[in-house]
Structure formats: C-alpha cells, structure tokens
Amino acid sequence: MQEQRVFDVAIVGCGPSGVVAAGLLGQAGLSVYVCDRLTDVYEIPRAIALDHEIMRVFQQLGVAEAVAPFCEPFTPSEFFGVDGQMIRRMTMVAPPFPQGYTPSMVFTQPKVEKVLRERVAQMPNVVMDLGVEMTALSQDAKIVSLSIRAADGATRKVGARYAIACDGGGSAIRTQLGMPLEDLDFDEPWLVVDVRVNERGLAKLPKVSVQYCEPERPCTMVIGPGNHRRWEISLKPGEDPREVATDEATWRLLSRWLTPEDGQLWRQASYRFHALVAQDWRKGRVFLAGDAAHMQPPFLGQGMCQGIRDAANLSWKLAAVLRGEVVGACAEQLLDSYGTERKAHVRELTSRIKHVGEVVCERDPVKARERDANLLAQCGGVVKDTPRQDILPRLEAGLLAPQDHPARGSLFPQPWLVVAGGRERMDAVAGNGWRLVLAPGQAAPAGVSWLRTVALGTREHSETDGVVEAWFARHGCVAALVRPDNYVFGVAASANEVEGLIGALVVQLGALETCVA
C-alpha cells in the first residue's frame, strides 16, 4: 500500500455537491482530494431544477456563463384539482431579479456537471481521483484516513485534516460512522420518466409545467430544456415498481399525453420519494453533505439545490479554520454551526415541500374536493401567482447576530452595479468574503479596514435597478453584514448600530481581525 498523503480536505463523491465543495475549497487555496467510483459524470439526468442562489455559487466558481447554455427559465407550474379546475399557480418573482439571475431554472444535469468538473480540473491544488472506491475511513484527533481501492485492485491511503461525505443517499461513510437518519414522514413510490419529445409530441403537450392533483393517480409534468419533458407518476398500491419501469408499461402510463411515435424514452426509473435528514451532520473531523445528509420529495425541485447550499455553507467555514483565521473553541463552534444551520433549514424547507406534496398527493376524492374548495376560497376564487422563492426559509440559528429581525438569516440580494462600459453583478465587483453593505448616504465606519465595505450610491457601487435600496427600505435598515455564503449575519437600523453589529461578529469568531478579511 502506498504511503499516505495528507490534504487539507478529502471529499468522497464527485456529484454536484462534492464537485462544488471541491471547487470552492480549491478556490480558497486549500489542498483538496475528491474521489468517485464513476470515471465520468452520470449521463442520465436526475436533478432538473436549480435556482438563482445556486447560479450565484456558480458565478463564484467562474462557471455561470459556461452553464447558461444548458439552462432555461422554469415555466409556471399550474395545479389542477379533481374536476380539472386550476387550484394553484406557482411562478417566479418579477424583475428586477434579486440575485442577478433568473430565479427558477431547469437545466441539463450531465452537461452542467461536466462544466463543474472541468473547472475543478483546472485547479492545481485539487486532485480528482475517479474510478476508485473508498473502502474504509478512520480518524483521530488530527487526521482522517481513507482507504482507496483502484479498479485494478491497488490500494492506498489518503489522509486529510477534514473529510466531507458526499457519497449519496446510501452513504457508506454515514453508515460506517453510525450517523442515523431521521424520518420526516414521507414515503411514497413514484415512477420518474424523462422523454426527448419530437415536434409532433410537443404540439400535444401543455406549454407550462403541470401538477395533476387527481386522486386516481397524482402526477407531474415538468418542461425541461429544449425538448426534454419529465413526468413524475405516483404508483398505486400493488403495482410492481420494476414492471411499470419497462418501456411497454411506461408508454401505457404516458398514453394520456404521448404515443411512442411522439418521442424517445431517455430514462424511466421507479423511486421511493423520501423525506429524511441526518440526526447529526458532523462526527469528529467528518461532515455529511448532499444526499448523504438529507433527502426530500421533488415537488419544488430543491434536491440538488439543497446539496449545493451545504457545500457553500461548509466550504468557507472550513477555509477559515484551515487558514488559521478562526482558532480554538471559536473554530469548533464555527464548524458546528454548519450542521445547526443546514439541518434546521433542510427540515423547514422539507416541511414546506411536504405540504406541496400533500396538496398534489391526496388520494381520497372527498378530501381532494375539500382541498380544492379550500384553496380556491383562500384566494377568493381567483388563483393568484405564488413565487417559488417565497417558500424558501431563512436561517434561524447558527452564526447570526443576536437580534430579532426578519432580514437576519435571509439571502442577501445581488444587485447590478454600474461599471465602466456597462454593468456588473455585485459579487464580481466586491468579492465573496465578508461584506458590510451600506445604504446610500451611509458612511463607512472607522477602524474596520479589514472588512470589505460596499457603500451603495457611491461612484464605485451605484445600483442600476435599486434592488438593494428597496431591500433596505423594506426591512427598515441602513446596513447589512453579509457572510461569505451571501446570507445576512445581521442588520443595523441606524448608523449608530453598525459598530455593535461588527462587534457581535468579532465576538463570535474569536476577536480576530483577520477572521473577516
């Protein structure tokens, strides 16, 4: 067995969560090892939706423009009840868009994953080890040790100061470390079908995505990029999941919309839609992320988004600790805040996703009609648009200012700023570290040169659309302290409160000025 090499971080699993974590950590200058059993990306789409928060992470990695050709705006989703009447309509927020990107998108996963891997492959401090299997993990007070087996049977050891398990819903690391999942009480069998539809077939299909909230067989149709259409079809008690996934049975289920002459089956697979979250997200020097930490029903298309949020949350915290910017007990508290923040966020979002699923999946015709009547009564009989982003929760606990304010823990906007020759998004101008964003007319506080300040309304930071100015007005504040993952640490209602806000951050991170540089 080869001698063990020690990295800053080792990542097991090079799917979306793993490759994004590798990219963010590599971009931070850390030495990173990431391995996967597959030698290339999985060529069949699984995730189909992403949102503007994830595009902002892709922007940080420098791949937003490269993935854009494989993304399209998510069409509205219309919910139809028992008697075929519309009972709900989900859309996206109106422009100007708060994060600088289309709020909800569909995408082609294999192509986007290839872009991400190509970006990480450019980083000399990141080693991608593909076509290998992690067979065992051990750790002590200083090092995590991975046993790696290559396709030819050769074995070696890889060490790291920390490790991240991004090895999927059946995570071997989570199982080996005895980290149980909590059941959030959703478990239903569904068939997922991806079809490449031809022109004849496209002419037959709805022009928006549809949730068929029908007791006989609840189902979903999603408009993907180009001619990609996805159906999620619930299975009835007694139906054989393997039999319904055959070509013949799948076309029978699709016969309401298409015939075999209307397109080509790309993928069909039976799944059990679960709602699960890990009880603990950290054990010693090992962290869970992505599907290894949580699984949720697909009703809002948030599965991959959740995993990338994990990567974005954890990566900057590991970088701060590994670079010595936060030390001692404060370092441990910072790393523990990952699980505190992400578990609560996942649980709350999963609860909201389950609620959407309950609207779709009611099997009792009487209760389904009551549901339809209640939803229509709530909107006065006129279905109103509900932006998908309104369903996403804020952070409620963790590395946040000790204040009770609705903006605390929310995702801070990314405005377009005026630059020479045009406009640019805020992160491209101000960077992705800790930022103190000030409303127009507010002066930067003295003695905080170590904190990046974005003073709106100045020549350097003038908005084009007033997105953040409106945000400040709506929340009744004049300053926001924004974390490296773009969440709001806290806000100040007046100039007099800014110093105290910064002080609260310094206290939590150990009074180190370098901690927020």
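Begin with the aromatic rings of this predicted model, where a search of the whole structure finds 15 aromatic pairs. Select Trp 190 and Phe 273 together, and look at how the two rings face each other: their centres are 5.2 Å apart and their planes meet at 15 degrees, so this pair counts as stacked, the limit for stacking being planes under 30 degrees apart. If you now colour the chain by position, you can see that the pair links distant parts of it, since Trp 190 belongs to strand 12 (residues 181-197) and Phe 273 to strand 16 (residues 263-278), 83 residues apart. Are these two residues buried or exposed? Trp 190 has a relative accessibility of 0% and therefore counts as buried, and Phe 273, with a relative accessible area of 7%, is buried too.

Next, select Tyr 162, Trp 281, Phe 287 and Tyr 338, which ring pairs link into a cluster.

Select Arg 196 with Trp 266, and you will find the charged end of the arginine over the ring, 3.8 Å from its centre; then select Arg 423 with Trp 416, where the arginine lies over the face of the ring at 3.7 Å from the ring centre.

Move on to helix 2 (residues 52-61), where nine of the ten residues are buried, so that the helix is largely enclosed by the rest of the structure. Among the buried residues are His 52, Glu 53, Arg 56 and Phe 58. At the N-terminal end of helix 2, select Asp 51, which caps the helix with a side-chain oxygen 3.1 Å from the backbone nitrogen of Glu 53; after the helix comes Gly 62, whose phi is positive, near 80 degrees.

Finish at Glu 341, which you will find in helix 10 (residues 328-361) and which is buried, with a relative accessible area of 2%. Apart from neighbours within four places in sequence, Glu 341 is in contact with several residues, including Asn 313, Leu 395 and Arg 483. Show the side chain of Lys 317 as well, and you can follow its polar contact with the side chain of Glu 341, at 2.8 Å.

Key:
Residues are numbered from 1 along each chain as its sequence is written. This is a predicted model: local features need pLDDT of at least 70, side-chain atom pairs count only at pLDDT 80 or more; totals for chains, interfaces and linings use all residues. Side-chain values use heavy atoms; hydrogens and water are left out. Rings of Phe, Tyr and Trp (its six-membered ring) pair if their centres lie within 6.5 Å; planes under 30 degrees apart count as stacked, over 60 as edge-to-face and the rest as tilted. Helices (H or I, at least four residues) and strands (E, at least two) are DSSP runs, numbered from the N terminus. Buried means under 20% relative accessible area, exposed over 50%, partly exposed in between (1.4 Å probe, protein chains only). A charge sits over a ring if NZ of Lys or CZ of Arg is within 6 Å of the ring centre and within 35 degrees of the ring normal. A polar contact is a pair of N or O atoms within 3.5 Å; within protein, one must be able to donate a hydrogen and the other to accept it, and residues adjacent in sequence count only if both atoms are side-chain atoms. Contact means heavy atoms within 4.5 Å.
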